[in-house]
Amino acid sequence: MKKTLTAIAAAAIAFAGLTGTASAEDEKFVLISHAPDSDSWWNTIKNAIKVAGDQMEVTVDYRNPPTGDLADMARIVEQAAATNPDGIIVTIADFNVLKGPIMDAVDRGIPVITINSGTVEQSAELGALMHVGQPEYDAGFGAGKRAAAAGAKSFVCVNHYITNPASVERCRGFADALGVELGSQMIDSGMDPSEVKNKVAAYLNSNPDVDAILTLGPNSAHPTLAAVHDAGLAGQIMFGTFDLSSEIADAIKKGEINFAIDQQPYLQGYLPVVILTNYARYGVLPSGNINSGPGFITKDNIALVEKYAGEFR
């Protein structure tokens with residue numbers, strides 16, 4: 001993947017040479033996420049925009065609501081648009097909350113690319129150029145198919161960010177693949193590690209027939225893994241998660257987590273910067289949206305990706 005990304009940047013630089021533009025224009029872009037400061041998963045995207053910014057010789061600012069408050073995020077979008085950057089990269093964490101500020105930015109003539117959360121349909125309705133992300137329902141469905149193939153019939157989906165519609169779609173896809181109604185099997189765990197662990201432990205204790213667990217990222221996977229250990233179920237229960245961390249990688253190698261769904265966040269940060277830079281300089285734009293995932297990380301391929309966890313994967 002690293003060679004491919006380098007090739008993309010090299011092609012962009014070569015194209016600049018062909019057009020006779022030898023010096024950088026120093027474009028300024030803003031990436032706005034919904035993530036609170038405590039969410040370390042976004043470090044990969046922060047690294048991606050730094051790499052892309054250095055390669056394309058542009059400035060990319062990362063902004064987010066410190067506590068994850070979406071009303072605060074909406075204000076950040078408004079403030080960013082008021083500075084008239086050359087482009088905005090933004091997540092659609094809640095379509096209704098962010099619709100106004102994002103559409104206002106588009107109406108100002110600011111190119112917008114949506115990433116990560118939201119759907120391609122929502123992105124188009126907002127007037128964005130494209131969406132770079134993972135089809136969340138499809139990713140959840142793919143995870144559910146793996147669980148079903150392993151014989152799972154009942155499950156718990158540990159949703160640490162239940163106000164984000166994309167996270168619900170992950171759980172819904174998983175349930176549909178198993179042919180199970182999504183209801184009380186999705187728990188609102190919150191992000192506090194102690195609360196996540198206690199809620200998962202309580203659910204497992206009350207539902208001893210559960211034979212599959214799905215967590216939606218490191219924030220829920222780490223404390224859920226601790227609860228599974230305490231219950232004596234490590235390696236005994238089907239366990240899938242979204243995203244990757246060093247702790248998740250170790251659990252995959254030990255057989256305690258069966259798979260991790262990789263939406264390749266590096267691409268979600270890197271590609272929009274490259275695309276917006278070329279759009280600003282030359283008016284060129286890829287056609288359609290870009291699916292950055294899902295990919296599945298298992299024991300069979302963990303060695304290929306774990307050394308990049310938290311930086312490029």
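Reader: Is strand β9 (residues 238-242) largely enclosed by the rest of the structure or exposed, and why?

Author: This is a predicted model. Burial is read residue by residue, with under 20% relative accessible area as the cut-off. In β9, five of the five residues are buried, so the strand is largely enclosed by the rest of the structure.

Reader: Which residues point one way from β9, and which the other way?

Author: M238, G240 and F242 point one way, while F239 and T241 point the other way. The residues on both sides are buried.

Reader: Which strand is joined to β9 by four bridges, and is the pairing parallel or antiparallel?

Author: Pairing is read from the bridges between strands. Strand β8 (residues 212-215) runs parallel to β9, with four bridges joining them.

Reader: Which strand pairs with β9 over three bridges?

Author: That is β10 (residues 259-262), again in the parallel sense. Here F242 has I261 of β10 as its bridge partner. F242 is also among the buried residues of β9.

Reader: What kind of unit do β8, helix α9 and β9 make?

Author: To read the hand of a crossover, point the strands away from you and follow the path from the first strand over the helix to the second; clockwise is right-handed. With α9 spanning residues 218-230, β8, α9 and β9 make a right-handed β-α-β unit. A right-handed β-α-β unit is also made by β9, helix α10 (residues 246-254) and β10.

Reader: How many disulfides are there, and where?

Author: A disulfide is a covalent bond between the sulfur atoms of two cysteines. In this model the count comes to one disulfide. C157 and C171 form it, with their sulfur atoms 2.0 Å apart. C157 lies in strand β6 (residues 156-159) and C171 in helix α7 (residues 165-178), so the pair ties together parts that are 14 residues apart in sequence.

Reader: Why is the disulfide of C157 and C171 called left-handed?

Author: The torsion about its S-S bond is about -65°, so the disulfide is left-handed.

Reader: Are C157 and C171 buried or exposed?

Author: C157 is buried, at a relative accessible area of 0%. C171 is likewise buried, with a relative accessible area of 0%.

Reader: What does the UniProt annotation say about residues 30-281?

Author: The unreviewed UniProt entry annotates residues 30-281 as "domain: Periplasmic binding protein". Over that range the chain is 51% helix and 17% strand. The end C-alpha atoms of the range are 17 Å apart.

Notes
Residues numbered from 1 in each chain as written. Predicted model: local features only at pLDDT ≥ 70, side-chain atom pairs only at ≥ 80, totals over all residues. Heavy atoms only, no water. UniProt positions renumbered as here; feature names shortened; annotations may be inferred. Helix = DSSP H or I, 4+ residues; strand = E, 2+ residues; numbered from the N terminus. Disulfide = S-S within 2.5 Å. Buried < 20%, exposed > 50% of the residue type's maximum accessible area, 1.4 Å probe, protein only. Pairing = 2+ DSSP bridges.
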